[in-house]
Amino acid sequence: MIRSNPVIPVVMFNRYIQKTLDYLFKNRKVLVEIEAFFGRVEFQGRGSPHYHMMIKCKDAPVLGVSPLKKIVSYIDKYVTTYFPIEEEDPDLHALVTLQQHRHVKTCTRDNKGCRFDYPRPLSSKTYYASVETGKELNEDNIKRFSDRKLNIIYKRLLGHEWTNTYNPVLIRCFKSNMDIQSCKSNWDTLNYIINYATKQEKKPGGRIERGMF
C-alpha cells in the first residue's frame, strides 16, 4: 500500500506533525511557551520522513547570564534519559523502548567503536563538563570556557546507558523515537541548523537526477 502510494503517508506525516505542534505550542501551550520556531522535514535514503525541530523557549535561562543551578534544573525539567520499568508506566515503557540505541553498521564503521558513544557513562545528575577533561564545571570555573569547549552530561542511572535523551510529553504525542538536546549557545544553534537540519539530501536527490525513479 505505502510503496504503491508514497504520497499518502507523506501527506499524513505532514498533517500529523502540524496538528501535534499546534496542540503543543500554539493553542494550549501544553509543553512550553515559545518565542521562535524552526522545523524541517528530511527524507532518509529509503524515502521515510523524519522531522528536525528547534524551539526557543520563552523565559528560558541563559548560560553565562542565569545561575548555573537554574539552567541545570531547567534542562532536567524537559530532557531525560529515564527508562521506566513496565510495571511503573506501561505506556511510557513501551515508548522509551524506541529510545534504546542498538549498534548498526553506520554507527560502528571503521572499527572505531560507536560514533554515538553508546553505551553512555552513568551520572547521578545533569551537569556541564569540559570537553577536554570531562570534569564537572561549577559556577566559577565555567566562565573560563568558551561555549564550544563545554559538554552537557545528562543524568543517567544504572540500566539507562543505552537510552537516548527524550521529553516525556513529546514522546507520548509523537509515539516515535527522538533526540532532545539543550543548545548551549548561538554557535550550537547555527551549527545544528546549517550542518545538520538543512544538510543536502544526497541519495534521494541524486537518484531523481539520474532518473532512477
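User: To begin with, where in the chain does valine 32 lie?

Analyst: Valine 32 lies in the loop between helix H1 (7–27) and strand S1 (34–43); helices (H or I, at least four residues) and strands (E, at least two) are DSSP runs, numbered from the N terminus. This is a predicted model, in which local features need pLDDT of at least 70, side-chain atom pairs count only at pLDDT 80 or more, and totals for chains, interfaces and linings use all residues. Residues are numbered from 1 along each chain as its sequence is written, and side-chain values use heavy atoms, with hydrogens and water left out.

User: Why is valine 32 called buried?

Analyst: The label requires a relative accessible area under 20%, while over 50% is exposed and values in between are partly exposed (1.4 Å probe, protein chains only). Valine 32 has 8% and therefore counts as buried.

User: Which residues does valine 32 touch, if those up to four places away in sequence are not counted?

Analyst: With contact taken as heavy atoms within 4.5 Å, valine 32 touches Leu24, Phe25, Ile55, Cys57, Tyr74 and Tyr78.

User: What makes the pair of glutamate 33 and lysine 58 a salt bridge?

Analyst: The term asks for a side-chain nitrogen of Lys or Arg within 4 Å of a carboxyl oxygen of Asp or Glu, and the N to O distance in this pair is 3.6 Å. Because glutamate 33 lies in the loop between H1 and S1 and lysine 58 in the loop between strand S2 (49–57) and H2, the pair ties together parts that are 25 residues apart in sequence. Glutamate 33 is partly exposed, at 35% relative accessibility, and lysine 58 is likewise partly exposed, with 35%.

User: How many salt bridges does this rule give, and what distance qualifies arginine 172 and aspartate 89?

Analyst: The rule gives five salt bridges. The side chains of arginine 172 and aspartate 89 meet at 2.7 Å, N to O; this pair links distant parts of the chain, with arginine 172 in helix H4 and aspartate 89 in the loop between H2 and H3, 83 residues apart. At a relative accessible area of 34%, arginine 172 is partly exposed.

User: How do you know that glutamate 132 and lysine 149 form a salt bridge, and why is glutamate 132 called exposed?

Analyst: Their side chains come to 3.5 Å, N to O, and meet in a salt bridge. Both residues lie in the loop between S3 and S4, so the pair ties together parts that are 17 residues apart in sequence. Glutamate 132 has a relative accessible area of 63% and is therefore exposed, whereas lysine 149, at 39%, counts as partly exposed.

User: Which residues of H2 are buried, and what puts them on the same side of the helix?

Analyst: In H2 (residues 68–78), the buried residues are Leu68, Ile71, Val72, Ile75 and Tyr78. They cover an arc of only 135 degrees around the axis, which places them on the same side of H2; the arc is that of the directions from the helix axis to the C-beta atoms. These buried residues pack against strand S3 (127–130) and strand S4 (150–153), while Lys69, Lys70 and Lys77, on the other side of H2, are exposed.

User: How many residues has the largest nonpolar core, and which element gives the largest share?

Analyst: A nonpolar core is a set of buried Ala, Val, Leu, Ile, Met, Phe, Trp, Tyr and Cys residues joined through side-chain atoms within 4.5 Å, and the largest such set has 29 residues, with Ile75, Tyr128, Ile171 and Phe174 having the most contacts inside it. Two or more residues come from each of H1, H2, helix H3 (90–96), S4 and H4, and the largest share, five residues, comes from H2. Leaving aside neighbours within four places in sequence, isoleucine 171 has contacts that include Leu92, Leu95 and Val96.

User: What do the totals for the protein chain look like, in elements and in buried residues?

Analyst: The chain has six helices and four strands, running α-β-β-α-α-β-β-α-α-α from the N terminus on. Of its 213 residues, 29% are buried.
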